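These are my notebook entries on a structure that I went through piece by piece. I wrote down what I looked up and what I found each time.

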Amino acid sequence: MKAAARRRPRLQIFKDIYPTTFTALAVSSFAVILAAWLLVSHLGLVDPVFLPKPQNVLAELIRQLGTGEYWRHIWISVFRVSAGFLLACAAGIPIGIFAGAFRAGSAVIEPPMEFIRYMPAVAFIPLIMVWVGIGEWAKILLIFIGCFFQVVLMVADITRRVNPDLLHVSYTLGASRWQSIETVLIPAIRPELVTMMRLILGWAWTYLVVAELIAVNSGLGYAIMKAQRFLNTEQIFVGIIVIGLLGLISDRMFALLHKRLFPWV
Amino acid sequence: MTSSATGTEARITIAGLGKVYRSRKSEFEALRNIHLSIGKNEFLTLIGPSGCGKSTLLRVLAGLEDATSGTILIDGQPIGGPGADRGMVFQSYTLFPWLTVRENIEYGLKLNGVPTLERRRVSDRYLRLIRLEPFAKAYPKQLSGGMKQRVAIARALANKPKVLLMDEPFGALDAQTKQEMQQILLDVWEKEKTTVVFITHDIEEALFLSQRICVMGANPGRIISEHIVPLPAERTEETRLLPEFTAMKRDLAALLKH
């Protein structure tokens with residue numbers, strides 16, 4: 001009989017792996033998707049109208065990025081996302097801190113927010129059109145509605161998780177209630193606020209595409225919709241990929257910001 | 001039960017203090033009829049089993065919780081809420097993680113609007129006292145548990161409080177570090193001469209540090225007995241080997257068994 005020297009399993013829960021291994025795995029994961037795409041489209045398993053060849057999509061991407069029109073689409077979309085997202089954060093973060101810091105604030109603010117949160121933002125589109133028409137504000141408002149309630153509830157939750165002893169210490173060092181909010185509560189939640197914003201920005205991009213269904217003639221969502229009308233699948237792919245890339249860039253920016261701003265975490 | 005060991009004027013006067021936690025269904029008497037007077041520059045330790053209300057007493061002293069009955073006077077003035085005159089060191093690590101060691105120490109001074117240069121002079125002095133000068137620019141996450149507690153002590157003292165309240169500050173440290181910390185604390189107290197109210201459930205720690213020990217009992221939380229520590233003012237590692245030390249350790253252990 002063989003002595004049962006138990007083999008340690010290759011995949012260990014939470015165990016770190018080499019950074020090079022991590023990168024290699026991440027790259028090959030992309031490579032597998034691309035390979036599958038190449039295979040399926042080149043073998044002619046699927047009609048190119050439904051699934052264009054990767055190299056055609058790449059060619060289309062380069063062609064589109066060579067035109068000023070496509071950059072205008074990108075620019076207006078980035079503007080709408082940023083405006084809706086920043087407004088949601090500017091309004092939602094202070095309200096969330098108030099709800100998280102004070103029990104009475106939580107009672108007043110959170111139940112209605114929880115209620116509204118479950119209403120799909122998309123269902124507000126007709127209402128938004130009645131309220132603000134079909135101009136730029138309609139798109140910004142939809143993204144705002146999609147993000148704002150989430151921001152408030154997440155910030156309230158983050159605020160409540162601050163160690164109460166940190167506040168107690170500040171009181172015994174002479175801090176007033178306002179000073180303890182300013183010098184303890186807010187600094188303590190900053191890293192998690194940035195993480196929260198990173199998450200919410202992803203949602204904002206989702207709402208953008210929905211927002212650009214409303215009577216528009218510009219933006220990446222519009223470009224995708226227009227391509228669909230002409231069954232131009234390459235262009236649909238280009239639009240999706242560009243949005244994906246923009247999301248990736250903003251996500252990396254937030255990650256970098258987090259690292260730069262909070263070396264103490 | 002109202003004498004202070006040093007015979008000096010009282011800094012803290014606690015009279016008839018009681019604390020009851022009430023909920024709709026139950027009532028819990030955490031403290032009953034506490035009378036205690038603590039002198040200026042006295043080092044007093046409260047010792048007792050868990051649930052005897054020693055932490056509650058300290059939190060009431062800090063003003064973090066309200067008493068149900070009785071009064072607390074600091075230099076003859078009743079306390080109202082927490083304030084800078086009563087600094088506190090907690091058992092859990094409570095350094096502000098986003099501030100460096102120096103900024104943590106200067107936190108209270110900054111609140112009070114002390115100018116930068118003066119703040120720096122004070123933090124330099126305390127960094128030296130707690131022997132952490134090379135770590136002035138470090139963040140708390142880079143420090144060991146013992147170092148964190150030293151900074152917490154410095155942060156409280158830099159504020160020049162009348163009273164330093166310590167809630168089992170060395171409870172989470174290993175035995176070796178604990179002894180080292182006790183020595184550092186005594187050195188600092190020797191230089192600062194503030195009033196210290198210290199909580200522990202470690203008899204040896206209480207004996208080594210304090211001039212007077214109050215033994216507390218549970219259900220309801222109350223002071224059972226008071227003991228003047230009959231040891232020389234100067235405490236060293238040899239102090240732990242003195243016959244008085246071991247004798248009193250035995251007596252207190254017997255008291256706490258009940």
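**Entry 1: a pair of helices.** I kept in mind throughout that this is a predicted model. I began with the crossing of α7(A) and α8(A), which is right-handed. Helix α7 covers residues 164-172 of chain A and helix α8 covers residues 177-211 of chain A, and their axes come within 10 Å and cross at roughly 155°. Because angles over 145 degrees count as roughly antiparallel, I noted α7(A) as roughly antiparallel to α8(A).

I then looked up which residues bring the two helices together. From α7(A) I listed A:Leu166, A:Leu167, A:Ser170 and A:Tyr171, and these meet A:Ser180, A:Thr183, A:Val184 and A:Ala188 in α8(A). When I sorted the residues of this contact of α7(A) with α8(A), I had five nonpolar, three polar and no charged.

**Entry 2: where the chains touch.** How many residues of chain A are in contact with chain B? I found 13 residues of chain A in contact with 21 residues of chain B. On the side of chain A that touches chain B, the elements giving two or more residues are α7 and α8 of chain A, and the largest share, six residues, comes from α7(A). The residues on this side of chain A divide into eight nonpolar, four polar and one charged.

**Entry 3: the four-stranded sheet of chain B.** I traced an open sheet of four strands in the order β2-β1-β4-β5 (chain B), and its pairing is antiparallel. Its edge strands, each pairing on one side only, are β2 (27-39) and β5 (77-78) of chain B.

**Entry 4: the six-stranded sheet of chain B.** The next open sheet has six strands in the order β6-β7-β8-β3-β9-β10 (chain B), with mixed pairing. Here the edge strands, which pair on one side only, are β6 (86-89) and β10 (222-228) of chain B, and the twist averages 20° from one strand to the next. I followed β6(B) to β7(B), and the two pair in the parallel sense over four bridges, with B:Leu165 in β7(B) as the bridge partner of B:Met88. Helix α4 (residues 145-158) of chain B packs on this sheet and touches β6 and β7 of chain B, its direction making about 175° with that of β6(B).

**Entry 5: a closer look at β8(B).** Is strand β8 (residues 195-200) of chain B mostly covered or mostly exposed? I noted the strand as mostly covered, since six of its six residues are buried. B:Thr195, B:Val197 and B:Ile199 point one way from β8(B), whereas B:Val196, B:Phe198 and B:Thr200 point the other way.

I also checked the neighbours of this strand. Five bridges join strand β3 (residues 43-47) of chain B to β8(B), running parallel, and B:Leu44 has B:Val197 as its bridge partner there. Strand β7 (residues 163-167) of chain B is likewise joined to β8(B) by five bridges and runs parallel, with B:Asp167 standing opposite B:Ile199 in β8(B).

Notes. Residues numbered from 1 in each chain as written. Chains lettered and ligands numbered in written order. Predicted model: local features only at pLDDT ≥ 70, side-chain atom pairs only at ≥ 80, totals over all residues. Axes fitted to C-alpha atoms, helices over the stretch in contact; angles between N-to-C directions. Parallel < 35°, antiparallel > 145°, perpendicular 65-115°, else oblique. Left-handed = near helix turned anticlockwise from the far one by under 90°. Contact = placed C-beta atoms within 7 Å. Nonpolar A, V, L, I, M, F, W, Y, C, P; charged D, E, K, R; others polar. Buried ≥ 20, exposed ≤ 12 C-beta atoms within 10 Å, placed from the backbone. Pairing = 2+ DSSP bridges.
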